[in-house]
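Dear colleague,

I would be grateful if you could look through them before reading my notes.

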Amino acid sequence: MSELESELGLELADLLGSAAEEVLETMFYSGVFGPGTEGDGPYLSAGVSFRGSRSGSLDVAAPESTATALAAAFLGETVESVPPDQVPTVIGELANVLCGVVLGRVEEGGQFVIAPPQVCRLETGSLARHLEVRRVFELEEGSISVGLTIDDSVPGNG
Amino acid sequence: MAQDVIVGVADCRVSNQPESSLITYALGSCIAVVIHDPVTQVGGILHFMLPESSLDASKAEKNPYMFADTGIPMLFHQAYAQGAEKSRLVVCVAGGAQVINDAAVFNIGKRNCLAVRKVLWRAGVMIRSEAVGGTESRTVRLEVGTGRFMLRTAGRLENTSERRNDGVLCLNR
Amino acid sequence: MAFSVLIVDDCPAMQTVIRRILGISGFDLEACYFAADGSEALSMLRRHTVDLVISDVNMPKLDGEAMLRCLAEDEKLRKVPVVMVSSDGTRSRVDRLVGMGAKGYIVKPFQPAALRAELERVLEEANV
C-alpha cells in the first residue's frame, strides 16, 4: 500500500479500477479486462490538476493507437475517419471525467475545482512519478495507464 | 392468421407482414437487437453472439449475423429494403448476460453489450430500451403489426415485460 | 415545435457528442449554438433566442456556476431552462446548482439515452 493509500485508508487501486471501468464503458464503449502492461510508445498523456478539499492531479496515458481508437468510439467515428486533432481533446476529456468520478469517491461531500486538461505526447520512458498511485489497465484497444497524486500538504480551501 | 418466425442464434429476420411475430430464444451472453418502424410496420430481430468480426474474419464472411459489427448494419439495411426509415425506428436491445461457464473468455456478455452500444452510437441510432446484463437467459418477441415488444426472463414464470410501441414499459404477470 | 439550444463546454469533443445526441434523439432543432465558457455563453444568449442551455460546470474564464448566477440576475434570461452536464456529481455541487436555478443535472459519464431522457423531462416541464 502506498503512503497515499495508507493516509487515506482507501484501496485506491480498486477505486481507480472501478472508476476507469465506469468511464471507459459508459462513454468510450471499452471494456476493462483487468491489470495490463504499458504498451509501446509514443504515448498521448492528459493530466488534470484539482484543488479543493484536497489538491493534486490525475493523469491518463495511452499509446497513440489506443488513444485514437478510444477517441473514435467516443465520437461515434471509425478509427480511419476520426479527425486527428480531436484525439488529444478526447483524451483530455477522459482525464477530466475520470478525475471527477475518482474525487467523488475519494471524498464524498468534498468540493473540488478541476482545471482544464493538459495534453502532451511522450516518446519513451517510464510514466511512473513520485508519490502517486498508478495502475495500468488492459482494454480491447490496448492499454491505458491512470495515475493519481494527492498533495502531501494540508488540504486547501475549496 | 398469426405467424411466429423464429430467429435462431447468429440469425436475422425482418418482416413487413402485420400478422407475424418474430421470436428469439435463449439469449444468454448473446444479444438480440430488435427494431420496429411503427409507420410502415416493418420489424426485425438480429441475434448475435460475438462483438467484433475481427475475432474471426472467415467466420464473419460465412455468417455476418454472428457479430455485432457486421450483423447490425445488415439488420438495418434489410429493414430499409422493406420500407423502414432510420429516423422512425424504435430500437430495443436484450441479452448480454454473464454465463456461468464464461471463465475462458472475459465476460462475453458485457463485451457484447458494449459492442452493440458502440455500433449503434456510430450509426447514429438511439437505443430506446435495454434489458441487458445479469445472469439469466432471456426470450424476446416482437409483434410486427403492433410493435409490441415482449421480454421474458428465465427463472421467473409468467413474468413478462411488454413494451408498447410508444416505448412505455408495462409489466404483465 | 422546433427549439434552439446553446451548448456550453470548453471541450470541443464534448460539444460534438452532445450535438450528436440531440440530433439522433429526434428533437426538432431550429438552431444549435456553441460556447466555450460562461462568458461566451452570456454573449450568445444576448444575441440569439435560445430555448434551452446545456452547460458544463468546470470551465475557464466564467464557470457554469457563475454563469447560472448571472442568468438568475437577468429578468429575461432567467426563464431559459439550463441543464448542467458535469463530471462533478458530488451531492453538494448538485444541490447548490439546482438551488441556483438549474432545471436539470447530468453526471458524466453518461449514456446518450440518459441525456436524452433528462432533456425530454426538462423540455416538458418548461413547455418548450
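The notes that follow concern a predicted model, and they take the chains and their contacts in turn.

**Chain A.** The secondary structure of chain A consists of 4 helices and 7 strands. Along the sequence these elements are arranged as α-α-β-β-β-α-α-β-β-β-β. Chain A has 158 residues, of which 47% are buried. Among the contacts in chain A with a separation of 6 or more, 70% join residues 24 or more positions apart.

**Chain B.** In chain B there are 3 helices and 11 strands. Starting from the N terminus, their order is β-β-β-β-β-α-α-β-α-β-β-β-β-β. Of the 173 residues in chain B, 45% count as buried. Contacts between residues 24 or more positions apart make up 60% of those in chain B with a separation of 6 or more.

One helix of chain B deserves a separate remark. Helix H3 of chain B covers residues 108-123. H3(B) is mostly covered, with 14 of its 16 residues buried. Just after this helix, Gly124(B) adopts a positive phi of about 75°.

**The nonpolar core.** The largest nonpolar core contains 129 residues. Which residues have the most contacts inside this core? They are Ile91(A), Leu98(A) and Val33(B). Helix H4 of chain A supplies the largest share of the core, namely 11 residues. Leaving aside residues up to four places away in sequence, Leu98(A) touches Ala19(A), Ala20(A), Val23(A), Leu58(A), Val60(A) and Val146(A).

Helix H4 of chain A (residues 86-106) packs against helix H1 of chain C (residues 12-24). Two packed helices are described by the angle between their axes and the distance between the axes. Here the angle is about 85° and the axes are 8 Å apart. Since angles of 65 to 115 degrees count as roughly perpendicular, H4(A) is therefore roughly perpendicular to H1(C). On the chain A side, the contact is made by Gln86(A), Thr89(A), Val90(A) and Glu93(A) of H4(A). H1(C) contributes Pro12(C), Ala13(C) and Met14(C). By class, the residues in this contact are 4 nonpolar, 2 polar and 1 charged.

Is Thr89(A) buried or exposed? Thr89(A) counts as buried because it has 22 C-beta neighbours inside 10 Å, and the cut-off for a buried residue is 20 or more. This residue lies in helix H4 of chain A. With residues up to four places away in sequence not counted, Thr89(A) touches Cys11(C), Pro12(C) and Ala13(C). Within its own chain, Thr89(A) is 18 residues from Ala71(A) in sequence, and their C-alpha atoms are 8.6 Å apart in space.

**Contact between chains B and C.** Chain B also meets chain C, with 6 residues of chain B in contact with 6 residues of chain C. The side of chain B that touches chain C has 4 nonpolar and 2 polar residues, and no charged residues.

With kind regards

Conventions: Residues numbered from 1 in each chain as written. Chains lettered and ligands numbered in written order. Predicted model: local features only at pLDDT ≥ 70, side-chain atom pairs only at ≥ 80, totals over all residues. Axes fitted to C-alpha atoms, helices over the stretch in contact; angles between N-to-C directions. Helix = DSSP H or I, 4+ residues; strand = E, 2+ residues; numbered from the N terminus. Parallel < 35°, antiparallel > 145°, perpendicular 65-115°, else oblique. Contact = placed C-beta atoms within 7 Å. Nonpolar A, V, L, I, M, F, W, Y, C, P; charged D, E, K, R; others polar. Expected span 1.5 Å × (residues − 1). Buried ≥ 20, exposed ≤ 12 C-beta atoms within 10 Å, placed from the backbone. Core = buried A, V, L, I, M, F, W, Y, C linked by C-beta atoms within 7 Å.
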